[in-house]
Amino acid sequence: MVAELTKALQQQAQQNPQAFWQQHLQLLDWHRPPEQILDDSNAPLYRWFVDGQMNTCYNACDRHVEAGRGDQIAIQYDSPVTGQAYGISYAELQQQVALLAGALVAQGVMKGDRVVIYMPMVPQTAVAMLACARIGAIHSVVFGGFAAAELASRIDDAKPKIVLSASCGIEPSGPVAYKPLLDAALEQAQHQVECCIILQRPQLLATLQTQRDLDWDEAQQGVDPAECVNVAATDPLYILYTSGTTGTPKGVVRDNAGHAVALAWSMKAIYNIDPGDVFWAASDVGWVVGHSYIVYGPLLIGATSVLYEGKPVGTPDAGAFGRVISQYQVKSFFTAPTAMRAIKRDDPQASQLQQYDLSSLTALYLAGERCDPATLEWAQNALQVPVVDHWWQTETGWAICANLMGIDPLPIKVGSPALAVPGYQVEVLDEMGNAVAVGQSGAISIKLPLPPGTLTTLWDNEQRYLDSYLSQYPGYYLSGDAGYVDEDGYLYVMSRIDDIINVAGHRLSTGRFEEVLAQHPAVAEVAVIGVADKLKGQLPLGLVVLKAGHLGAVNLETELVRLVREQVGPVAAFKLVTVVEKLPKTRSGKILRATMRKMADSQPYKVPATIEDPSALNLIEQALVRMGYGSESVQAAP
Ligand code: COA
Ligand code: AMP
């Protein structure tokens, strides 16, 4: 039978989740080990390890020093955009974290207070996260590619006491000033913070406001290093905002102990990483991959984590990933399919990658977006290692489906992230909530309880958590993805069932784009859809209807593009927008976004019987073709 061990573990975790997770408690050092493994008294809200006490920072840092690993590199920073590269040992990390935590305490930050971290890919960002964990403060990292308005909405939701930021991030085009964005966000936000601690980077210094801002180094001068405080297993470790279907981001809340147990277990089971091994996740700390697998996962087990401030191409070339792998002897490597597509585009023969000795590498892991089979096969040939697709979400914090390379490597089926990871009971459901037959598509759902490490709620909005994820199919978590399972239990994730799009592995809400575009005085109505893109997987494309009298607006499209860049951020990669006469709708007024998406991607589509005005679809088709999308030759499905 295929996957005998994986299936046996799935069964154990399903039949007795308490016993399954209890055996992994020894992966952590506890102040007080839990006696109650799972609290289901408040279902559908579940809590793991409820009466346990521990500290995540202690487990990710101090205990390795105490165990004699102090000299081992914890974080290997490599920054082709600044020319810097250095390692930080566990002992150094402990000192830096304790000192910054001391500075936070000196500023009045206490257990349970929120701290927003708006920082680039520098080791100080990881230090900042761990410093919060050390004193029981809840961090909320905001990705640097977001604009001031996005930062402001997160500040208003999380209500932090302090913001930690830096003068700039560095993109291949040069330094990107962060401080003016932070200043603008704090001006826009209703909530006011008490203090900002700013890391000055020599590439672009920031102007500090005397009343509010403190220099990073000065804030730490003369303070006492802070010790780790004990927190309850269920206390929040962090809030990470992610796109929902509306414009308002969702604050995913992660607890301390469930998170640490799950990540520590996953490092060996999924990524085959042992203490002392070198692991590299080429993502950004602003995303969940960065939280779980640049910072917490590798450090929790005492591995070395590479923190890379650069791109797959252009810093300086398409061989960059090969250089890093060979220079630091990376054993397991994780990135997004987009990154591999970018390398393939610039260096189809992979000759720049292959000029390096890649013999340390044992596997490449891909996630963040659907991986097209051609990219997976190309990567496998280029790197000569298994390429492991795995599927997860910000909400889950770690893989839902994966090939357990560390304990039960399975045959790879191209296009599938393999089987449900033990602890997740994945089922594909039809509209009525019944399980569909093998091979049939439906809504991918996970039977409750979710395993440790997954979201416990949405920050300050339990009702939204219940409504968004747990109401559609009682007893199940709705993933928002659609797909099917084959006869061997391999899952195939094909698309989203909502209006979330995935641009270069970055999850974005079309609802948010629409909200921003609708602010323009000329715009009467708008629809934004995700269209297929060879490099970034998807790109947002806007279709706007103008208010009467605005038909001749000059430079309107440029203005709309600028508006989205200013309000959402450059990472939105919003460049495609056009004016149309009308939008296709059903008679009840629902815009036919799914039909337009299929049209743009040249897929067969059905004209819904409830369409109000079929001519609107023809106009959209013509507009899409003018923009280079869709094709008039594709016939509507019967
Ligand atoms: N701070 C400020 N700006 C940022 C930023 C950051 N942290 N990250 C990205 N941006 C900006 C970029 O400079 C770019 O701006 P531009 O429009 O002025 O050129 C824009 O946001 C889009 O950036 P990006 O998505 O990186 O696209 P790109 O066209 O510059 O590069 C790839 C394309 C494929 C190389 C790049 O998308 C990539 O490396 N993708 C990997 C995806 C990934 O790691 N995802 C994480 C989830 S696992
Ligand atoms: P994020 O929360 O940003 O990690 O995005 C999660 C979403 O990205 C998922 O719900 C999927 O739509 C998509 N996704 C992530 N990994 C995969 C994968 N391996 N295959 C297909 N889609 C994926």
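This is a predicted model: local features need pLDDT of at least 70, side-chain atom pairs count only at pLDDT 80 or more; totals for chains, interfaces and linings use all residues.
**Backbone exceptions, ion pairs and a ligand site**

Asp460 sits in the loop between β23 (457-458) and α15 (462-470), where its phi is positive, about 60°, although the residue is not a glycine. Most residues other than glycine have a negative phi, and most peptide bonds are trans. Lys159, also not a glycine, has a positive phi of about 50°; its place is the loop between α6 and β8 (162-166), and with a relative accessibility of 39% Lys159 counts as partly exposed.

Between Ala43 and Pro44 the bond is cis, with omega near 10°, and Pro44 belongs to the loop between β1 (38-42) and β2 (45-48). Thr315 and Pro316 are likewise joined by a cis peptide bond, whose omega is about 0°, with Pro316 placed in the loop between β17 (304-308) and α11.

From the backbone we turn to charged side chains. Side chains of opposite charge can pair when their charged atoms come close. The structure holds 27 salt bridges, among them the one between Glu150 and Arg154, whose closest N and O atoms are 2.8 Å apart. Both residues belong to helix α6 (residues 148-158), where a spacing of four residues corresponds to about one turn of the helix. Glu150 has a relative accessible area of 5% and therefore counts as buried, and Arg154, at 4%, is buried as well. A salt bridge also connects Lys268 with Asp274, with 3.2 Å between the closest N and O atoms; here Lys268 is partly exposed at 30% relative accessibility, and Asp274 is partly exposed at 31%.

A further salt bridge pairs Asp277 with Lys331, the closest N and O atoms lying 2.9 Å apart. This pair links distant parts of the chain, 54 residues apart, since Asp277 is in the loop between α9 (257-269) and β16 (278-281) while Lys331 is in the loop between α11 (320-328) and β18 (332-335). Asp277 and Lys331 are both buried. Elsewhere, salt bridges with shared partners join Glu150, Arg154, Arg512 and Glu515 into one network.

How many disulfides does the structure contain? The count comes to zero. A disulfide is a covalent bond between the sulfur atoms of two cysteines, and the cut-off applied to such a pair of sulfur atoms is 2.5 Å. For Cys168, the closest cysteine sulfur is that of Cys196, 16 Å away and therefore too far for a bond; Cys168 itself is buried, with a relative accessible area of 0%. The sulfur of Cys228 has its closest cysteine sulfur in Cys57, at 4.6 Å, which is still too far for a bond, and Cys228 counts as partly exposed at 23% relative accessibility.

The last stop is ligand 2, around which there are 14 residues, with His390, Thr394, Asp481, Arg496 and Arg507 coming nearest. The shell comprises three nonpolar, five polar and six charged residues. Which atoms of His390 and the ligand approach one another? A backbone N or O atom of His390 lies 2.8 Å from a nitrogen atom of ligand 2. Thr394 brings an N or O atom of its side chain to 2.5 Å from an oxygen atom of the ligand, and for a side-chain N or O atom of Arg496 the distance to an oxygen atom of ligand 2 is 2.7 Å. Taken alone, ligand 2 exposes 490 Å², of which the protein buries 93%.

Notes: Residues are numbered from 1 along each chain as its sequence is written. Chains are lettered from A and ligands numbered from 1 in the order in which they are written. Side-chain values use heavy atoms; hydrogens and water are left out. A residue is near a molecule or strand if one of its heavy atoms lies within 4 Å of it. A polar contact is a pair of N or O atoms within 3.5 Å; within protein, one must be able to donate a hydrogen and the other to accept it, and residues adjacent in sequence count only if both atoms are side-chain atoms. Accessible areas come from the Shrake-Rupley method with a 1.4 Å probe; for residues, only the protein chains shown count as cover. Ala, Val, Leu, Ile, Met, Phe, Trp, Tyr, Cys and Pro count as nonpolar, Asp, Glu, Lys and Arg as charged, and the others, Gly among them, as polar. A salt bridge is a side-chain nitrogen of Lys or Arg within 4 Å of a carboxyl oxygen of Asp or Glu. Helices (H or I, at least four residues) and strands (E, at least two) are DSSP runs, numbered from the N terminus. Buried means under 20% relative accessible area, exposed over 50%, partly exposed in between (1.4 Å probe, protein chains only).
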